[in-house]
Amino acid sequence: MQDKYDKSSVDSIYKFAQLLTGKSLNEVVTLPQEVQNLRNRGELGGLVEAHFFELPPTTSNLDFPLAGLELKTTGLKIGPKGTYQAKERLVLTMINFLKLVEEDWENSTFYNKCKLMLILFYLYEGGIPTYDQRFVLEPLLFKLDDHDAEVIRRDWEFIKEKVVSGRAHELSEGDTFYLGACRKGAGGDGEKLRPQPNSPLGAKARAFSFKPSYMNLLIAGHASESPVLDTITQSFEEATYQRFYPYLGLSVEQISKKLNYFKSGPNHKGFLRDIAVRILSSGGSNVPELDKAGIEMKTIRLQQNGSPRESMSFPSFKYLEIVNEEWEDSKFFEKLESKFLFIVFREDSSGVERLDRAVYWNMPFLDRQEAQRVWADTKRRVLVDARDLPKTRESSVAHVRPKARDGNDTLPTPQGTFLVKQCFWLNAKYIKSVLQS
DNA sequence: GCATGATCATGC
DNA sequence: GCATGATCATGC
């Protein structure tokens, strides 16, 4: 009995847990009759603890106190792309609002419970008993400090601060990125609310949990090694979001440090774009996968009021060429037909710029028609006077404005003069409306 | 705060 | 050397 594995050794526990891989609990151990009579009742996690690891029933302490290890069992499902996904969030530990506000990260209930976990993944199948569900992946030894501890800690601090400010009843899973404060408990009218500090209002019971999206990240990383955009097993969107996810909410400075890539100087205008490129791939000036797919990546910097700092520029046009071009042969047309990947940075209330989101976007047809109108107007006016082209106020979507290396970077006009190069821009206000819808 | 004009760093 | 994406700078 005692020599099956060593309860004080993480390594021994891990190796023992591997015996489950590819099998169901029922195939590995002989379950007592009363468990089999339970049919599909009974939590698989509890059954594994009791009948595989043969642990005594635990309270709130660790499952393997001598090894400092917590055991978690969680379900997988098959996603639309045929890959494993989390069946649900992984609930970690209840939140005691009164205690939380007294804690620091290092000595917190959460950190000490979750800093080292052995996670077992089984494939959930409806209609069969839990003990017949198969463990389809190797066990995952999860070390918090190696796994996104920065983000998780920040989430934890955010939740704590909300409770400190007497707003435990306002907690929401959307507050945070990886670690959520999920609802836990009966719900309904009869639910007993929990006391919180700094407010007379009771708050619904909540638990710390890894959100499903974070579980999917863990699973994807664990199930297969996917260094670059894995477009075979994931959609483009999924692959992109997965790449950006670890950086969401971080300040530009934090991301810069994390990537070990720094602004070359005060005039490094492409810095945020270069950062985004490095998040998506590991080097170079562009992302081959995006180029291949014809995806136009653009960085957008939002101010505190939600307005972009700048309009969005496109390649410059030649005065002598545009006058002979058709809309559908123009570069601007081609650009506006493509799919965009917006990398959005946003200034928070303290003036710190943070990565806000990465979103795909296509320009709606009506807006492309308006852009076409601006383009056609430009073509017409270049012939009349290339110095007088459509301005911001003339369209809700686009305008024309200089874009050159300096004042000497000019091109000939139909008037026989030389004029600084110009290009089409999407209005900052238009971009704002796009991001708000 | 915004429109407009004027560059700047990068990578090929 | 140049195209490109992005930002800086100025004036109202």
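Hi everyone, a definition to begin: a residue counts as buried if 20 or more other C-beta atoms lie within 10 Å of its own, exposed if 12 or fewer, and partly exposed in between, with C-beta atoms placed from the backbone. What you see is a predicted model, where local features need pLDDT of at least 70, side-chain atom pairs count only at pLDDT 80 or more, and totals for chains, interfaces and linings use all residues. Residues are numbered from 1 along each chain as its sequence is written, while chains are lettered from A and ligands numbered from 1 in the order in which they are written.

Helices (H or I, at least four residues) and strands (E, at least two) are DSSP runs, numbered from the N terminus. Let's look at strand E4, residues 116-123: 6 of its 8 residues are buried, which leaves the strand mostly covered. Strands pair if DSSP finds at least two bridges between them. Strand E1 (residues 70-78) runs parallel to E4, with 7 bridges joining the two; glycine 75 has tyrosine 122 in E4 as its bridge partner. With strand E5 (residues 140-143), E4 pairs in the antiparallel sense over 4 bridges, and there isoleucine 119 is partnered by leucine 140 of E5.

Now over to helix H15. Its buried residues include Ala371, Trp375 and Val382. Seen down the axis, the buried residues of H15 fall within an arc of 145° (taken from the directions from helix axis to C-beta atoms), so they line one face. They pack against helices H13 (319-322) and H14 (331-337) and strands E12 (398-402) and E15 (422-426), contact meaning C-beta atoms, placed from the backbone, within 7 Å. On the face turned away sit exposed residues, among them Phe365 and Arg380. Thanks, everyone!

Technical notes: Contact = placed C-beta atoms within 7 Å.
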